[in-house]
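Colleague: I'd like to learn how to read the packing features in a model like this one. Could you take me through them one at a time?

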Amino acid sequence: MTRRRGAGEHGVDAGDARAAAAVIEATGLGPIDRIEPLGGMTNRNYRVDTLMGAFAVRLPGLGSDAYIDRAAEAHNARRAADLGLNCEVLHLDAEGTMVCRFIEGEVVAPEALASSGERLEQVARALWRLHAAAPPFVGRFDPVAEARRHRAALAGGERAVVPPSVDDLLSTIATFDLIAPLVPCHNDAWPLNFVFTADGVVLVDWEYSGLNDPGWDLAHLSVECGLDPDDHERLLHAYCGGAPPKDLRRRVDLLRGVSDVVWGLWALVQHADGNTATDFESYALDRLRRAPIWW
């Protein structure tokens, strides 16, 4: 795990700091020198320095066990680490508490990644390596099923906000022909999950990892970076090492809209659960309004 510079850091919560310290000590990595907060929108993340080195501790967000398969995450995160695309995972339990090796690196904002052609191509090549060379992953990330699951989680909630367009959007994406070979995917390929180190690119936060259409990672990254048509083409060409196949291009176009539906509904669930890390309601409504422009 690495420090997410500029990702919205918070002060150290005394209770969380004690919990993070207890995890480090139980893992045999103490004694502790200092603890400082790292960014995060759902989980609580801390850097913990000890005499044995620097480590990151993740304390899982409230309710995250409802939509995260921790056994699949543990397996996939370690397989990605074997490939050099993730930091070393030292502890990950069934509740989602994780300890990993802290690595120094730079995380850039979406607009900065979008404006840096070299870095964008570097990320594209990292995704290609994941999709083409990673050992087998377990678990399946089906975007349409994810969207339906988030919609079901909103049913009857006191704080739930469900725009009238949601069910029409769900009906539309269910008709898309998205049949493709399934490969190991990160499934949350937004810019703040890419860490640029002296040795290359590392991806963090493998909670949603699993088998999926490789077009999903490309579509999600393109949307999150706000890529213009030229930079979107640059991403696809760097990923493919040349002109992208027509079917991959078609699926990526459709999946950009599906990405807005999935993460828009995810954000509504965060709002309904009382997560105040950001204005999840406005974020969700903006994405759901935008989704149809992609198809």
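**Aromatic rings, cores and strands**

Modeller: Start with this: F141, Y208, W216, W263, W266 and F280 form one aromatic cluster. Keep in mind that this is a predicted model, where local features need pLDDT of at least 70 and side-chain atom pairs count only at pLDDT 80 or more, while totals for chains, interfaces and linings use all residues. Residues are numbered from 1 along each chain as its sequence is written, and side-chain values use heavy atoms, with hydrogens and water left out.

Colleague: When do rings pair, and how many aromatic pairs turn up in the whole structure?

Modeller: Rings of Phe, Tyr and Trp (its six-membered ring) pair if their centres lie within 6.5 Å; planes under 30 degrees apart are stacked, over 60 edge-to-face, and the rest tilted. Searching the whole structure gives eight aromatic pairs. One of them is F141 with W216, a tilted pair at 5.6 Å centre to centre with 40° between the planes. F141 sits in the loop between helix 4 (117-133) and helix 5 (143-154) and W216 in helix 7 (residues 214-225), so this pair ties together parts that are 75 residues apart in sequence. Helices (H or I, at least four residues) and strands (E, at least two) are DSSP runs, numbered from the N terminus.

Colleague: What about Y208 and W263?

Modeller: Y208 and W263 are edge-to-face, with 5.2 Å centre to centre and 90° between the planes. Y208 belongs to the loop between strand 8 (200-203) and strand 9 (210-212), W263 to helix 9, so here the parts tied together are 55 residues apart in sequence.

Colleague: How do I read a nonpolar core, and which residues have the most contacts inside the largest one?

Modeller: In soluble globular proteins, nonpolar side chains tend to be buried together. A core is a set of buried Ala, Val, Leu, Ile, Met, Phe, Trp, Tyr and Cys residues joined through side-chain atoms within 4.5 Å. The largest one here has 70 residues, and F194, L221 and L265 have the most contacts inside it. Helix 9 (residues 246-272) gives the largest share of this core, 13 residues. There's also a second, separate core of 10 residues, including V23, Y46, V48 and L59.

Colleague: And the strands: which way do strand 3 and strand 5 run?

Modeller: Two strands pair if DSSP finds at least two bridges between them. Strand 3 (residues 53-59) and strand 5 (residues 98-101) run antiparallel, joined by four bridges, with R58 opposite M98. Strand 5 also pairs with strand 4 (residues 89-92), again antiparallel, over three bridges; there, H91 has V99 as its bridge partner. Strands 4 and 5 form a hairpin with five residues between them, and G96 in the turn has a positive phi of about 105°.

Colleague: Which residues other than glycine have a positive phi?

Modeller: Among them are N187, with phi near 75°, and D205, near 65°. N187 is in the loop between strand 6 (183-185) and strand 7 (194-197), and is buried at 0% relative accessibility. D205 is in the loop between strand 8 and strand 9, and counts as buried at 16%.

Note on methods
Buried means under 20% relative accessible area, exposed over 50%, partly exposed in between (1.4 Å probe, protein chains only).
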